[in-house]
Amino acid sequence: MKIAVLSGKGGTGKTLVSVNLAAVSGNSEYIDCDVEEPNGHLFLKPDNVQEKGIYVKVPQVNYDLCNGCRKCVDFCKYNALAHIRDRLIVFEEVCHSCGGCAMLCPENALTEKNKSVGKVLEGNSDQITVRTGMLNTGEVSGIPIIKDLLDESNFGSCKNVFIDCPPGSACSVMESIKDADYCILVAEPTLFGVHNLNMVYELVKIFKKPFGAVLNKCTDGENPAERFCHENNIKILSKIPFDSELGMLNSNAEIAVFKSKKYKELFLTLLDKVTQEVQNEAAINSQR
Ligand code: SF4
Ligand code: SF4
């Protein structure tokens, strides 16, 4: 099963949840799609890491052939081309690599070249395959990296895949959850946490994904995120306490389930619940 773990903002506990679920799951894959700030590998510390560059195609101009007709400029709906002072300029950062301009140029003045946008690292941490995407500084879109991370042909024979999504609800998050069997929404017990939870709640509804919530940093006091879940019939899968022991393990980049019996039990219970939810969903879908 493929489980996507998402939250409306960073620092909510998405990596804590996905890394620890992968750890209690044993034979599994952990995929870090938070390509601007991947940090799951800091906990899992994979060995034998292999690196692969990720490239996109961008146009390059042969100025000897370009006659300045501007057909390509008019065609590009992303405004990645401009004709300024008798010269065609390519703004590579906003190019979406559609290839259209090179195809339509009547003078064959445009060809495509590879441009590096980042890399994918793959290694092993005991029984866990760890795949991490890293976006180059200054690049706008991590989607080509996320597509490579989630390419079916890259998956091994492990039974569970845990996808640590980028924060928020932008295109990169949509790309990360689109093939997931189930989504876990991680939220904090504050009003701001409710705002962020609502963002990802709306997203999973649009994608018609089955989902449940994990409430992190819970105290005995008021919990607006819990109230939001009750009001919207969102299943609460687990409540992780606000706990200095867990905070210390996290800040030392330790995996809680390997260090604490209490957290091993908590994440095993969460894994059981999610597995049950996915099986229920599969049964409902087969009856449709
Ligand atoms: S379509 Fe071709 S010839 Fe015309 S401006 Fe673009 S690159 Fe130059
Ligand atoms: S490849 Fe597509 S997006 Fe990029 S400059 Fe050409 S037309 Fe624009």
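In this predicted model, helix H9 makes the greatest contribution to the lining of the largest pocket, supplying 4 residues. H9 spans residues 244-251, and at least two lining residues each also come from H1, from helix H6 (171-177) and from strand E10 (211-218). The volume of the largest pocket is about 650 Å³. Its lining comprises 33 residues, and those nearest the centre are Gly10, Gly11, Thr12, Lys14 and Thr15. Classified by residue type, the lining of the largest pocket contains 14 nonpolar, 13 polar and 6 charged residues.

Of the 16 residues that line the second largest pocket, Glu93, Cys95, His96, Ser141 and Pro144 are nearest its centre. Strand E3 (47-61), strand E6 (110-125) and helix H5 (143-149) each provide at least two residues of this lining. By class, the lining of the second largest pocket consists of 9 nonpolar, 3 polar and 4 charged residues.

Helix H1, which contributes to the lining of the largest pocket, also packs against another helix, H11. H1 covers residues 14-25 and H11 covers residues 261-287; their axes lie 9 Å apart at an angle of about 85 degrees. The two helices, H1 and H11, are therefore roughly perpendicular to each other. On the H1 side the contact is formed by Leu16, Val17, Asn20, Leu21, Val24 and Ser25, which meet Lys264, Phe267, Leu268, Leu270 and Leu271 of H11. By class, this contact between H1 and H11 involves 8 nonpolar, 2 polar and 1 charged residues.

Key:
Residues are numbered from 1 along each chain as its sequence is written. Chains are lettered from A and ligands numbered from 1 in the order in which they are written. This is a predicted model: local features need pLDDT of at least 70, side-chain atom pairs count only at pLDDT 80 or more; totals for chains, interfaces and linings use all residues. Side-chain values use heavy atoms; hydrogens and water are left out. Axes are lines fitted to C-alpha atoms, for helices over the stretch in contact, and angles run from 0 to 180 degrees between N-to-C directions. Angles under 35 degrees count as roughly parallel, over 145 as roughly antiparallel, 65 to 115 as roughly perpendicular and the rest as oblique. Contact means heavy atoms within 4.5 Å. Ala, Val, Leu, Ile, Met, Phe, Trp, Tyr, Cys and Pro count as nonpolar, Asp, Glu, Lys and Arg as charged, and the others, Gly among them, as polar. On a 1 Å grid over the protein atoms alone, a cavity is a set of points where a 1.4 Å probe fits but cannot get out, and a pocket is an open set with protein on both sides within 12 Å along at least five of seven lines; lining residues have an atom within 4 Å of a point. Grid points are joined across faces, edges and corners, and a volume is the space filled by probe spheres set on the points.
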